Amino acid sequence: MTRSAMAGLSPLGVLFAVLGLAAIFAPFMTLAANRIVAGEGRALWTLAAPQITGPGIALMLLGLALGLPAARPFLRIAGAALGLAGLVWLLVLGASSLLAEAGEYARVSPAAGFWFLLVVFALMMADALSALSPGPAARAGLLVLVLALVAALLCSGALSDLSIAQEFASRKDAFYSASLRHLGLAFGSLLAAAVIGLPLGVLSHRNAGLRRALLPVLSFLQTIPSLAMFGIMIPVLSWLSGVIPGARAIGIAGIGFAPAFLALTLYSLLPVVANVLAGLRTAPAATLEAARGMGMTWRQRLTRVELPLGLPVVLAGLRIVLVQNIGLAVIAGLIGGGGYGTFVFQGLNQTAGDLILLGALPTVALALVSAIAMDILVELTTPRTEREE
């Protein structure tokens, strides 16, 4: 290939193409005789007859090729979409074909090749969107479209042959209960941290002595490892439930939801307080002086000048907290707090990879969707002049 031709290629597109081609030769799915035994890896071209695997492989190769031109981000988006469509095609038809030749208790699961290709096409899509820099409305629309397509795929039953879908079918009620508990832990602790941390941040902004005393304490809490923090909460809340009448009746106990919720709230305080401080400091000195000259009180300057100007920074802190708490809430499964961690730790105990995925995949998806939604919210609150810089 000539140098001029190479100059027209996207370096990331070339990397994605090389990685994607390598992943095509890795096992795409595993077939196991039952839920207990380890599965045997199957390559792409051994999943089913050539007339079934051929279109899927062709879609992925075409997708990788469309990701190569540097100056055509729309082509990379189309390539990523074609690649993802090929992945779904092979996953759905490959699973049914493999099961048709296996026994009654056989299980099929996606293998390393599938996950690697999924990451490659997702990164290709993200790279193309980054180059196009769509506005908040376009990103929100794209997010809704992707969620609708994923929901339609899951509700269609096309993936029901997969082992993870069978794990879900046998634990449907427990999964919905765990989902509610996980959302309660992540969003509830975020709300509690915001209610406590926002006033503390404002007071610390006004009072240097409080700021010097508070921030080291919150920093110390943040350095405690998550497992240790959850463990510390157990004896503390056990003692409180014993000495406070009626505490156990409202859910305060050494294990369960309460210690997990309290630990997540404590972890969240430092990012909230620190970002409130940083946000309030973004107000230019000249603007504050003008506000004083207009006769505004400190409360009016706070609500009309400092908080509106610092809102993007405050929301960025809440985004960090939300994504952090969605991940840390998995640990709650160790102390009976529920959530998706219950499936993760059950799967680890039973050496059942699909059960681990039943807890891990919704956690990752929830964190990803929350991060994108919060990014859109942060951008919407950022002044247009700053967005365009």
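This is a predicted model: local features need pLDDT of at least 70, side-chain atom pairs count only at pLDDT 80 or more; totals for chains, interfaces and linings use all residues.
The lining of the second largest pocket holds nine nonpolar, seven polar and four charged residues. The protein has 16 helices and three strands. Its C-alpha trace spans about 75 × 65 × 30 Å along the principal axes. Of its 389 residues, 40% are buried.

**The second largest pocket**

- Helix H15 supplies the largest share of the lining, with four residues.

**Aromatic pairs**

- The whole structure contains nine aromatic pairs.
- Phe 25 and Trp 45 form an edge-to-face pair, because their ring planes stand at 65°, over the 60 degrees that this class requires.
- The ring centres of Phe 25 and Trp 45 are 5.8 Å apart.
- This pair links distant parts of the chain, with its two residues 20 residues apart.
- Phe 25 sits in the loop between helix H2 (11-24) and S1, while Trp 45 sits in the loop between strand S2 (40-42) and helix H3 (50-66).
- Phe 25 counts as exposed, at 62% relative accessibility.
- Trp 45 counts as partly exposed, at 44%.
- Phe 168 and Tyr 176 also make an edge-to-face pair, with centres 6.1 Å apart and planes at 80°.
- Phe 168 is partly exposed, with a relative accessible area of 24%.
- Tyr 176 is partly exposed too, at 45% relative accessibility.
- Ring pairs join Phe 168, Phe 175, Tyr 176, Tyr 340 and Phe 343 into a cluster.

- Helix H5 (112-132) has 21 residues.
- From first C-alpha to last, H5 reaches 30 Å, close to the 30 Å expected at 1.5 Å a residue.
- The buried residues of H5 are Gly 113, Phe 114, Leu 117, Val 120, Phe 121, Met 124, Asp 127 and Ala 128.
- Seen down the helix axis, the buried residues of H5 fall within an arc of 160°, so they line one face.
- An α-helix has 3.6 residues a turn, so residues three or four places apart point the same way.
- On the face of H5 turned away from the buried side are the exposed residues Ala 112 and Ser 130.
- Ser 133 lies in the loop between H5 and helix H6 (136-156).
- The phi angle of Ser 133 is near 50°, a positive value in a residue other than glycine.
- Ser 133 counts as exposed, at 56% relative accessibility.

**Helix H10**

- Helix H10 covers residues 226-243, which is 18 residues.
- The end C-alpha atoms of H10 are 26 Å apart, which agrees with the 26 Å that the helix should span at 1.5 Å a residue.
- Met 229, Phe 230, Met 233, Leu 237 and Ser 241 are buried in H10.
- Viewed down the axis of H10, these buried residues fall within an arc of 90°, so they line one face of the helix.
- The face of H10 turned away from its buried side carries the exposed residues Pro 235, Trp 239 and Gly 242.

- Ala 194 belongs to helix H8 (residues 172-206).
- Ala 194 is buried because its relative accessible area is 15%, under the 20% cut-off.
- The C-alpha atoms of Ala 194 and Pro 235 are separated by 26 Å, with the two residues 41 residues apart along the chain.
- Leu 191 also lies in helix H8.
- Leu 191 is exposed, with a relative accessible area of 56%.
- Leu 191 and Pro 259 are 68 residues apart in sequence and 16 Å apart in space, C-alpha to C-alpha.

Technical notes: Residues are numbered from 1 along each chain as its sequence is written. Side-chain values use heavy atoms; hydrogens and water are left out. Ala, Val, Leu, Ile, Met, Phe, Trp, Tyr, Cys and Pro count as nonpolar, Asp, Glu, Lys and Arg as charged, and the others, Gly among them, as polar. Rings of Phe, Tyr and Trp (its six-membered ring) pair if their centres lie within 6.5 Å; planes under 30 degrees apart count as stacked, over 60 as edge-to-face and the rest as tilted. Buried means under 20% relative accessible area, exposed over 50%, partly exposed in between (1.4 Å probe, protein chains only). The expected span of a helix is 1.5 Å times one less than its number of residues. The arc is that of the directions from the helix axis to the C-beta atoms.
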